[in-house]
Amino acid sequence: MKRTRTAALTVAAAVAALTPALGQAAATAADGKGNLPQDPVGSGKAWSKDQKHKVEGQVRFHPGVQYETVTRPGPEAAPEWERKVGDPNTLAWMPSYEFTWTVSDVLVNKGLTTKNGKHALGLHAVLRDPRHAVVGEVDKKLSGQAATGSQKVPGNRRIACDTGEYTVEWTLERPGYAKVGGTLRWDSGCEQYRKAFSAENGGK
């Protein structure tokens, strides 16, 4: 039991060490400022041509770091207290996309905006590598969705660490009415995780 708990705390400590840096990057992503955030966010809103139907959308790109663990002995005084720590040599990315939306309509002759009913939506994102080649794509059609909601869509594509600066092109569409979208940048560097895990490995 104690060994299991020690392993869990070790991994948690490594991730916690990265939280401030990643959190600050995400906070600046919406307005396009800052240096290639690890967890970028984009948003937008658009009206239909008749100005009676609106869609507001946001996408958050989740890089999804993955790694294997290795067993390390405990301190010199108690080497039997083994612990599992992240192996920096096995780091990689498995991205996913989180879409969030709000759909609203203006009631004819009343000038009131409502967020009711069920709606169809189209979620789309393309991940391009530094050479602008498509290395991942998601395309999901939804029906019967509430006026406000969100959905996470797996990218189903493993991306190697430190392979450059990627571009995420995304759209969220309310078919027949309006579409929002944009472009995000993402840096595939794993240096922060590598340093954290190396420290947990005793610098190995």
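This is a predicted model: local features need pLDDT of at least 70, side-chain atom pairs count only at pLDDT 80 or more; totals for chains, interfaces and linings use all residues.
**Close-up 1. R194 and D162 meet in a salt bridge.** Here the N to O distance between the two side chains is 2.8 Å. R194 sits in helix α3 (residues 191–200), while D162 belongs to the loop between β12 (159–160) and β13, so their pairing ties together parts that are 32 residues apart in sequence. D162 is partly exposed, at 44% relative accessibility.

**Close-up 2. E191 and R194 pair within helix α3.** These side chains form a salt bridge with an N to O distance of 3.2 Å. The two residues are 3 residues apart in helix α3, about one turn of the helix. Salt bridges with shared partners join D162, E191 and R194 into one network. E191 has a relative accessible area of 40% and is partly exposed.

**Close-up 3. R128 and E169 link two strands.** In this salt bridge, the closest N and O atoms are 3.0 Å apart. Because R128 lies in strand β9 (residues 118–128) and E169 in strand β13 (residues 165–174), the pair ties together parts that are 41 residues apart in sequence. R128 is buried, at 18% relative accessible area, whereas E169 is partly exposed, at 25% relative accessibility.

Technical notes:
Residues are numbered from 1 along each chain as its sequence is written. Side-chain values use heavy atoms; hydrogens and water are left out. A salt bridge is a side-chain nitrogen of Lys or Arg within 4 Å of a carboxyl oxygen of Asp or Glu. Helices (H or I, at least four residues) and strands (E, at least two) are DSSP runs, numbered from the N terminus. Buried means under 20% relative accessible area, exposed over 50%, partly exposed in between (1.4 Å probe, protein chains only).
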